[in-house]
Amino acid sequence: MSLQVRNSTGGGFVLLQDTQLIETLAHFARERIPERVVHAKAVGAFGEFEVTHDISDLTSAKFLKGVGKKTPVLLRVSTVGPESGSADTARDVRGWAMKLFTKDGNQDFVFNDIPVFFIRDPIKFPSVNRSHKRHPRTHLPDSTMEGIHALMHLFSDRGTPVSIRNLNAYSGHTYKFTKPDGSFKYVKIHIKSDQGVKSHTASEATKLAGENPNSHTEDLFNAIENGDYPTWTLYVQVMDPKDAETYRWNIFDVTKIWPHADYPLRPFGKLTLNKNPTNYFTDVECVAFSPSTMVSGIGPTADPMLQARMFSYPDAARYRLGTNYQQLPVNTPLSHVYSPFQRGGFASVKGSYSSDPNYVHSTFKPLKAGPKQAAFEHEIWTKARVEEYTSEVTDEDFVQARWFWDVLGKEEGQQEHFIRIWPLRSLY
Ligand code: NDP
């Protein structure tokens, strides 16, 4: 009796020599990458940012210089706590992650759709995120959160937006707009929907979560596919460093806004989304954002939450996508990047700088010095302001929350909706 052996295309026994089958099975078992620990469910689209008003008096950032200048953009908007298969209408903060592919390198705006955050002390950052997620014992969403001002935003109707096209985004943190001479302004950025802010009531959002859990994904995809391109207007609030020294609010406290009456919004740009991703995995799942990804002319402040996020986001990307995540096509800047001291390692796909030296301060291509430091007196003030920082809740934390209660009172039904939802304290 003879034994017939064929490969997977020809029937017969399956043997270890059937490498096509083995490769196919092995790839299937490995084709998922770790889900983002937060911000897993997302919608993404490409578009462009256009400068509409001159703000060259504030910053030397080249992509902001010249009315009419356009920069390609990728936007990823996500819920925070729920997993990637969850409903788009879940009550949650929406993360607004935007990558601007400027000629000077990538600029990320990693914002939220509410203007304040729950906490100001970064040691609580993992806990506040876990408090949105499942309890280790019950595997049910838990909700023991803090941060009254942000919680009020979350439990207002804006916690359940109608679509991505109908929400605003805010930098939350104070950033710096800088000049090469070392001078700077403190800024907060606001991105306002030109479609208007529209929200579901809690019951509408709950119903839709069952009927169409992908309603936001579908809405944005169809709008762009039909040529109905959504747009947003970008504004900046500007504070002189001298003013910061006497301002009522600690400008490094991300649980506080700057009232519009104190620091009016100055328009500077327009965002248009006009192209859907061709492949969700490569365009949206593989993208990595970080508040530390900045071009010259924009800088961080001493806000401890911002400083912590500047470490945490690239660290999460290294875990999720590997040490060479910046070489993935969607993360690659348009401009030429020369960093020969960052090469090799797993999945280094972009060559390895040939025979260039792999250490810094090579005379072959010396590093450029950064901009000059800020005025010394202001640095002393900054240090004092950060040292007085407390994660304890004080009476001051209720002042802006109270203002927000009055804002809700200006629109019919908003305070009533809030009171009805608040005792439930269940997010999704
Ligand atoms: P104003 O009294 O000048 O204006 C209130 C702002 O609140 C509006 O401009 C709007 O901002 C936003 N808003 C209006 N209706 C609602 C709503 N139903 N749900 C959520 N937000 C709404 O604001 P102040 O600057 O004096 O701040 C008062 C309170 O308003 C703050 O405590 C804060 O909670 C809230 N707020 C303030 C913002 C700021 O950066 N100053 C931004 C958003 C809210 P927008 O046009 O951005 O939607």
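Let's start with Tyr313 and its contacts, meaning heavy atoms within 4.5 Å. Leaving out residues up to four places away in sequence, Tyr313 touches Val110, Phe125, Phe289, Ser290 and Pro291. Tyr313 sits in helix α8. An unreviewed UniProt entry places the feature "binding site" at Tyr313; such annotations may be inferred rather than shown by experiment.

A word on the model. It is predicted, so local features need pLDDT of at least 70 and side-chain atom pairs pLDDT 80 or more, while totals for chains, interfaces and linings use all residues. Residues are numbered from 1 along each chain as its sequence is written, and side-chain values use heavy atoms, with hydrogens and water left out.

Now the second largest pocket. Its space is about 1000 Å³. It is lined by 48 residues. Nearest its centre lie Val38, His39, Phe125, Asn129 and Tyr313. Which element gives the largest share of the lining? That is α8, with 11 residues. Elements supplying at least two residues each include β2 (70-79), β3 (94-102) and α2 (125-130). By type, the lining has 28 nonpolar, 10 polar and 10 charged residues.

For the pocket, the terms are these. On a 1 Å grid over the protein atoms alone, a pocket is an open set of points where a 1.4 Å probe fits, with protein on both sides within 12 Å along at least five of seven lines. Lining residues have an atom within 4 Å of a point.

Last, Thr231. It is found in strand β8 (residues 231-239). Thr231 counts as buried because its relative accessibility is 13%, and buried means under 20% with a 1.4 Å probe, protein chains only. Its side chain makes a polar contact of 2.7 Å with that of Asp194; the cut-off for such N or O pairs is 3.5 Å.

Terms used: Grid points are joined across faces, edges and corners, and a volume is the space filled by probe spheres set on the points. Helices (H or I, at least four residues) and strands (E, at least two) are DSSP runs, numbered from the N terminus. Ala, Val, Leu, Ile, Met, Phe, Trp, Tyr, Cys and Pro count as nonpolar, Asp, Glu, Lys and Arg as charged, and the others, Gly among them, as polar. Buried means under 20% relative accessible area, exposed over 50%, partly exposed in between (1.4 Å probe, protein chains only). A polar contact is a pair of N or O atoms within 3.5 Å; within protein, one must be able to donate a hydrogen and the other to accept it, and residues adjacent in sequence count only if both atoms are side-chain atoms.
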